[in-house]
Amino acid sequence: MKSVKIYSDGRVILDGRENVFEEKGLSLLEHLYRKEVGDYPKFFKMDVLCKLGFIASELLLKGESDRFTPREDRAVLLFGTCGPLCNDRNYQATVRDYPSPSLFVYTLANIVTGEIAIRNKYKGESSFFILDAKDEDIIKNTIEEAFQDPVTQEAVTGWIDCRSEDDFEAEIELMVK
Amino acid sequence: MTKVYKIADHAVTPLASGSKENFNAVLEGKSNLKLHEGTFGVKEPFFASLFDREEVLRNAENEGIRGYSFFETILILACKGAIEKSGIDASSSDTVFVISTIKGNVEALGEGSKDVLPATSARRVAEFFHNPNSPVTVSNACISGLAALIQGQRILRRGGARNVVVAGAEVQSAFIVTGFQSLKALSPTQCMPFDASREGLNLGEAAAAMVLGTSETDWELVSGAIRNDANHISGPSRVGEGSYNCLRAVVQDKDELAFISVHGTSTAYNDEMESIAIERAGLLDIPAGALKGYYGHTMGAAGILETIVSMKAVENGVVIGTRAFSGNLGVSRPVKIDRENRKTTKQAFVKLLSGFGGVNAALLCRRKTGGEK
């Protein structure tokens, strides 16, 4: 697989081929987890941004041979506007009475890149970039810049944004230097 | 490959305003870390280094900065100081802003506006300087500041700008303080990096900025690396995997190093992990030091602030002592940590950071030999 797009309205596009699911929003991600992954219960601890990034990366990478061999040459570089905003709201709701450590951890924008690196044993670069809007030029240039690192030969990269648990998209691909 | 240099810098912290002023305060062993009770409405007292907000806002107003959130205000103050010293034209389309923060303006959460988004703050900062380019915000947990400096370096190497303004800031809030309390990561007293009695970290506020370019100056940002542990989202690798890989990637000649400016958060796992990474990289004989005992953990500002202070230290021939270190090393590998300031004649250093999400970063900076300051 070279590219994966997931939209909260139920559309899932794999290498340009579109499937439309009845499930929407968070239910779509949970449906895809059961259908396509199933063996990574940490998924259920994740916030919606991480669930989205995780499922998109699973669809992208699941057919690869030697998939879980540790490697340093593949980076994870994701871009978005809202970052962990959805989970920030969830955590904020706990601040007054009983602040939740498990929610707090997911208030960091780069946990989604970390989850993908951990799942796939990628010891290369992982970075999250926040942009004011989906600026294709900045994204293209930033990826090109990341390939300046001589160790980085490939990257799981793309756009991931969650306005709410019912309104999100991920458009990621595997790029080679 | 194109060489990248620091043109100017500026740090705004609860200790002092200005890079030299901050270095002098650190050299004298000063800190603004203290116990806060009831601050931000947080029930449990906490030890932190916080700004006097009224004073900062008054100073900002005198400089024509008004109508911004506190987070944006300190970012602008840091940028303004660095830009004025650099002499660059910040309004030029050849200048790009790279912003570093972890939680930005999270205090605005719940007010129902876009003000909470770091990208909104970054845009406002760039607009303050009439800069026409869209800024990039790097949000990579506690390595954000170094990741932003590395990003600035890469933009210049690609030829994507003539100058890059890299600026990082963090303001504390009930959101962040209660989060670290819930993780049981905060020390009830002064943090003690690498000490046997360390009990956790102290949080801090700061803003710091650096203007980068490709015309030669005294300071070169030589090489940077970002590596994931591929281990755990909220704890470092027990074998210092990512930090070791970063050190391996950036250190070229260990004999040139005056010191390693470690992350040194004063948590049990972080400091231990760093000692192992330093050993694996063969750098145990290089002096190491942490600045968290002066500033606390300034999160998105840390990478830039600690790089600025480290540059000043090299310029003044000093390895800065690790404040609050008792002499009783509390990590398993014999890292060269010292409480006192020591002399050095070496002209380079490595800044090391790591953070949640499994991230680690290192940056090698080298001063032109024979350079005068």
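Across the interface of domain 1 and domain 2 of chain B, 24 residue pairs are in polar contact, both residues at pLDDT 80 or more. A polar contact is a pair of N or O atoms within 3.5 Å; within protein, one must be able to donate a hydrogen and the other to accept it, and residues adjacent in sequence count only if both atoms are side-chain atoms. Helix 5 of chain B gives the most to the side of domain 1 that touches domain 2, with eight residues. The structure is a predicted model, in which local features need pLDDT of at least 70 and side-chain atom pairs count only at pLDDT 80 or more, while totals for chains, interfaces and linings use all residues. Residues are numbered from 1 along each chain as its sequence is written, chains are lettered from A and ligands numbered from 1 in the order in which they are written, and side-chain values use heavy atoms, with hydrogens and water left out.

**The domain interface of chain B**

The domain assignment, automatic or from a database, gives domain 1 (5–213) and domain 2 (219–367). Their centres, taken over C-alpha atoms, are separated by 20 Å. In contact terms (heavy atoms within 4.5 Å), 65 residues of domain 1 of chain B meet 68 residues of domain 2 of chain B. The buried area, meaning the accessible area (1.4 Å probe) that two parts lose on being put together, summed over both, is about 5,000 Å², and carbon and sulfur atoms give 70% of it. In domain 1 of chain B, Phe23(B), Leu146(B) and Phe194(B) lose the most area to domain 2 of chain B, together 17% of what that side buries.

**Salt bridges**

A salt bridge is a side-chain nitrogen of Lys or Arg within 4 Å of a carboxyl oxygen of Asp or Glu. The count over all chains is 43, and one salt bridge is found across the interface of domain 1 and domain 2 of chain B. Several pairs in chain B are listed below.

| Salt bridge | Closest N and O atoms |
|---|---|
| Arg198(B) and Asp271(B) | 3.5 Å |
| Lys6(B) and Asp9(B) | 2.8 Å |
| Glu28(B) and Lys30(B) | 3.0 Å |
| Arg66(B) and Glu61(B) | 3.7 Å |

Burial is judged by relative accessible area: buried under 20%, exposed over 50%, partly exposed in between (1.4 Å probe, protein chains only). Lys6(B) and Asp9(B) are both buried. Glu28(B) counts as exposed because its relative accessibility is 54%, whereas Lys30(B) is partly exposed at 43%.

**Nonpolar cores**

A nonpolar core is a set of buried Ala, Val, Leu, Ile, Met, Phe, Trp, Tyr and Cys residues joined through side-chain atoms within 4.5 Å. The largest has 133 residues, of which Ile6(A), Ile55(A), Phe180(B) and Ile320(B) touch the most other members. Domain 1 and domain 2 of chain B both give residues to this core, so it lies between them. Leaving aside neighbours within four places in sequence, Ile320(B) is in contact with residues including Phe23(B), Val26(B) and Leu291(B). A second, separate core of 31 residues includes Ile65(B), Ile74(B), Ile76(B) and Ile88(B).

**Val136(B)**

Val136(B) is in strand 5 (residues 136–138) of chain B; strands (E, at least two residues) and helices (H or I, at least four) are DSSP runs, numbered from the N terminus. Val136(B) counts as buried because its relative accessibility is 4%. Not counting residues up to four places away in sequence, Val136(B) touches residues of both chains, among them Phe129(A), Ile138(A) and Phe97(B).
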